[in-house]
Amino acid sequence: SPRRRLVNPETERAQLVASCQLTDSALLTLKAPYAARNAQPGQFLMLRIPNRPDLTTPRPISVADADLTSNTVSLLIQRKGCGTTVLCSLRQATEVLLWGPLGRPFSLLERGRALLVGGGVGVAPLLFLAKRLTECGIAVTAVYGAKTKTQLHLKARLESLSDNLVVCTEDGTEGVCGSAVSAMRQQLAQNRFDRVYLCGPPSMVRHALPLITKAKATAQVLLEGRMLCGLGVCACCTIKWQGRLLRLCTDGPVLDVPAAAEDD
Ligand SMILES: Cc1cc2nc3c(=O)[nH]c(=O)nc-3n(C[C@H](O)[C@H](O)[C@H](O)COP(=O)(O)OP(=O)(O)OC[C@H]3O[C@@H](n4cnc5c(N)ncnc54)[C@H](O)[C@@H]3O)c2cc1C
Ligand code: FES
């Protein structure tokens, strides 16, 4: 059988320079020159805090921005359990250990129009992607969905990085009332896109994939499954994708959704 690719990660001691507290999450800015220089949209970092016995295993978090001028990376972290709660409550100047950047990034379109669809904190990697795509002259339409208005944390940033932003909330408190998936369906029916980029909770991805296939669009999806090592060693992130067993940390987290054949 082919030898599986294992990753020997770069470790960086980063310093927390800012932590902006949001309703259910926090936006962290870390001084991390190596990660800032090397991160590509779609890649993630494994985060650990030295001397914290309650955070022995690292947590994977997508890079939401990388700034080469300030040598910083931004991360949007939603409080889920113990690890993310600790990360969201870190004080300024805390040292954070980073592995990475890891994983297969999004591939950037060279020309044409892109549709970015993000739900909840799934919008974080799409923000970084929108920045790189607009730098390459790609026309970006973004769909940003959340449960409610107060969870649209990165709306202003995404608006400044896209040509057209469609906001939707499930309770109708801002933008279109409904899900990001129905807004995506509408966009696919009305416009032609050269690629769809998708990231969000598993239920959103499950509903979106058949619609993308039906629209015969080419897409890439970032899956945020569970991970332990992030390096291709433990196999806990194994998933079945297009009939093949993949390790999400090294074969993903960005996976291709092949366009349906013309006569499908
Ligand atoms: C490639 C990748 C990129 C990610 N990027 C981000 C990001 O940018 N921002 C962000 O907030 N989160 C992101 N996540 C998810 C994040 O890593 C998990 O929420 C975190 O590891 C949970 O750790 P915890 O200790 O807080 O929760 P735990 O105590 O481990 O779990 C708490 C609860 O959350 C559930 N849970 C844990 N991990 C996940 C998961 N991956 N998906 C769904 N439910 C989960 C558990 O089943 C449990 O119910 C990403 C995950 C991956 C794999
Ligand atoms: S998380 Fe260990 S192999 Fe992927």
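This is a predicted model: local features need pLDDT of at least 70, side-chain atom pairs count only at pLDDT 80 or more; totals for chains, interfaces and linings use all residues.
Let's start with the strands. Seven of them form an open sheet, and their order is β11-β10-β9-β8-β12-β13-β16, with mixed pairing. At the edges are β11 (176-177) and β16 (254-257), each of which pairs on one side only.

Two of the pairings can be followed residue by residue. Strand β8 (residues 113-119) and strand β12 (residues 195-199) run parallel and are joined by five bridges. If you look for Ala114, you will find Arg195 of β12 standing opposite. β9 and β10 also pair in the parallel sense, over six bridges, and here Ala146 stands opposite Thr169 in β10. Here are the two pairings together:

| Strands | Sense | Bridges | Residues standing opposite |
|---|---|---|---|
| β8 and β12 | parallel | five bridges | Ala114 and Arg195 |
| β9 and β10 | parallel | six bridges | Ala146 and Thr169 |

Is β10 largely enclosed or largely open? Five of its six residues are buried, so β10 is largely enclosed by the rest of the structure.

**Two helices on the sheet**

α6 lies across β8, β12, β13 (219-222) and β16, and runs at about 165 degrees to β12. The other helix is α5, and together the two make a pair that you can trace in the model. Helix α5 covers residues 180-190 and helix α6 covers residues 202-214; they pack at an angle of about 15 degrees, with their axes 9 Å apart. How do the two helices lie relative to each other? An angle under 35 degrees counts as roughly parallel, and therefore α5 and α6 are roughly parallel to each other. The crossing of α5 past α6 is right-handed.

Which residues meet where these helices touch? From α5 come Ala180, Val181, Met184, Arg185 and Leu188, while α6 brings Met204, His207, Ala208, Leu211 and Ile212.

Finally, look at the loop between α6 and β13, where Ala217 has its place. Is Ala217 buried or exposed? Buried means under 20% relative accessible area, so Ala217, at 8% relative accessibility, counts as buried.

How values were computed. Residues are numbered from 1 along each chain as its sequence is written. Chains are lettered from A and ligands numbered from 1 in the order in which they are written. Side-chain values use heavy atoms; hydrogens and water are left out. Axes are lines fitted to C-alpha atoms, for helices over the stretch in contact, and angles run from 0 to 180 degrees between N-to-C directions. Helices (H or I, at least four residues) and strands (E, at least two) are DSSP runs, numbered from the N terminus. Angles under 35 degrees count as roughly parallel, over 145 as roughly antiparallel, 65 to 115 as roughly perpendicular and the rest as oblique. A crossing is left-handed if the near helix is turned anticlockwise from the far one by less than a right angle, and right-handed if clockwise. Contact means heavy atoms within 4.5 Å. Two strands pair if DSSP finds at least two bridges between them. Buried means under 20% relative accessible area, exposed over 50%, partly exposed in between (1.4 Å probe, protein chains only).
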